[in-house]
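Subject: Handing over a structure

Hello,

Here is the structure I promised to pass on. Please open it first, then read my notes below.

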Amino acid sequence: MLPNKDVLDMAKRECKGDATPEEIAWLHDEENRLAWCHALITALSDSDSQMVFHKTRIDMMARDVELGLKDPNEFDDEKLKFDEWLRKAQRYRNGINKRLSEVKTILSNLDSLEIVEENA
């Protein structure tokens with residue numbers, strides 16, 4: 001067991017390829033796989049929430065431009081930043097989804113997969 005480690009943080013970093021070998025070993029340990037799976041579900045939910053937040057923000061800015069409350073050039077700059085962020089966020093989300101599928105496959109031999117499916 002790795003003391004003082006946040007499983008969610010480890011799972012996110014593992015998806016990005018930034019986890020240490022010790023953290024990867026901890027996640028792959030049979031007794032920790034269910035926690036890993038739950039962390040990936042949480043990471044997916046967090047990602048979705050961030051996407052909704054940023055999409056709503058850019059939509060509100062577009063509406064402000066239509067109403068003449070915001071400078072169109074400022075909006076264009078923000079829209080470019082948003083589009084770039086969205087591409088990265090979608091790649092990250094796809095990575096989490098792929099890893100979650102892999103972990104579910106690992107867990108498929110265990111009864112705990114039913115619990116995971118209910119939580120997801």
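Start with E14. This residue is buried, with a relative accessible area of 10%. Buried means under 20% relative accessible area, exposed means over 50%, and partly exposed lies in between (1.4 Å probe, protein chains only).

Before going further, some ground rules. This is a predicted model, where local features need pLDDT of at least 70 and side-chain atom pairs count only at pLDDT 80 or more, while totals for chains, interfaces and linings use all residues. Residues are numbered from 1 along each chain as its sequence is written, and side-chain values use heavy atoms, with hydrogens and water left out.

**Overall layout**

The protein has 5 helices and 0 strands. Its elements run α-α-α-α-α from the N terminus on. Helices (H or I, at least four residues) and strands (E, at least two) are DSSP runs, numbered from the N terminus. Of the 120 residues in the protein, 27% are buried.

**Salt bridges**

The structure holds 14 salt bridges. A salt bridge here is a side-chain nitrogen of Lys or Arg within 4 Å of a carboxyl oxygen of Asp or Glu.

Back to E14. Its side chain meets that of R99 in a salt bridge, at 2.8 Å from N to O. This pair links distant parts of the chain: R99 is in helix α4, E14 is in helix α1, and they are 85 residues apart. R99 counts as partly exposed, at 23% relative accessibility.

D59 and K55 form another salt bridge, with the closest N and O atoms 2.8 Å apart. Why are D59 and K55 separated by about one helical turn? Because they are 4 residues apart in helix α3. D59 is partly exposed at 39% relative accessibility. K55 is partly exposed too, with a relative accessible area of 41%. Elsewhere, salt bridges that share partners join E14, K98, R99 and E102 into one network.

D46 and K12 also meet through their side chains in a salt bridge (3.7 Å, N to O). That pair links distant parts of the chain, with D46 in helix α3 and K12 in helix α1, 34 residues apart. D46 is partly exposed, with a relative accessible area of 28%. K12 counts as partly exposed at 23% relative accessibility.

**The largest pocket**

D46 and K12 turn up again here. Which residues line the largest pocket? They are K12, K16, A43, D46, S47, Q50, M51, W85, A89 and Y92. The elements giving two or more residues to this lining are α1 (7-16), α3 (33-66) and α4 (72-107). Helix α3 supplies the largest share, 5 residues.

By type, the lining residues divide into 5 nonpolar, 2 polar and 3 charged. Ala, Val, Leu, Ile, Met, Phe, Trp, Tyr, Cys and Pro count as nonpolar, Asp, Glu, Lys and Arg as charged, and the others, Gly among them, as polar.

The volume of the largest pocket is about 180 Å³. On a 1 Å grid over the protein atoms alone, a pocket is an open set of points where a 1.4 Å probe fits, with protein on both sides within 12 Å along at least five of seven lines; lining residues have an atom within 4 Å of a point. Grid points are joined across faces, edges and corners, and the volume is the space filled by probe spheres set on the points.

Two of the lining residues, K16 and Y92, also meet each other. The charged end of K16 sits over the ring of Y92, 5.3 Å from its centre. That label needs NZ of Lys or CZ of Arg within 6 Å of the ring centre and within 35 degrees of the ring normal.

A11 lies in helix α1. Is A11 buried or exposed? At 1% relative accessibility, A11 counts as buried. Its C-alpha atom is 8.6 Å from that of I24, 13 residues apart along the chain.

E74 is in helix α4 and is partly exposed at 40% relative accessibility. E74 and M61 are 13 residues apart in sequence and 9.4 Å apart in space, C-alpha to C-alpha.

D64 is found in helix α3. D64 is partly exposed, with a relative accessible area of 29%. The C-alpha atoms of D64 and F75 are separated by 9.1 Å, the residues being 11 apart along the chain.

Best wishes
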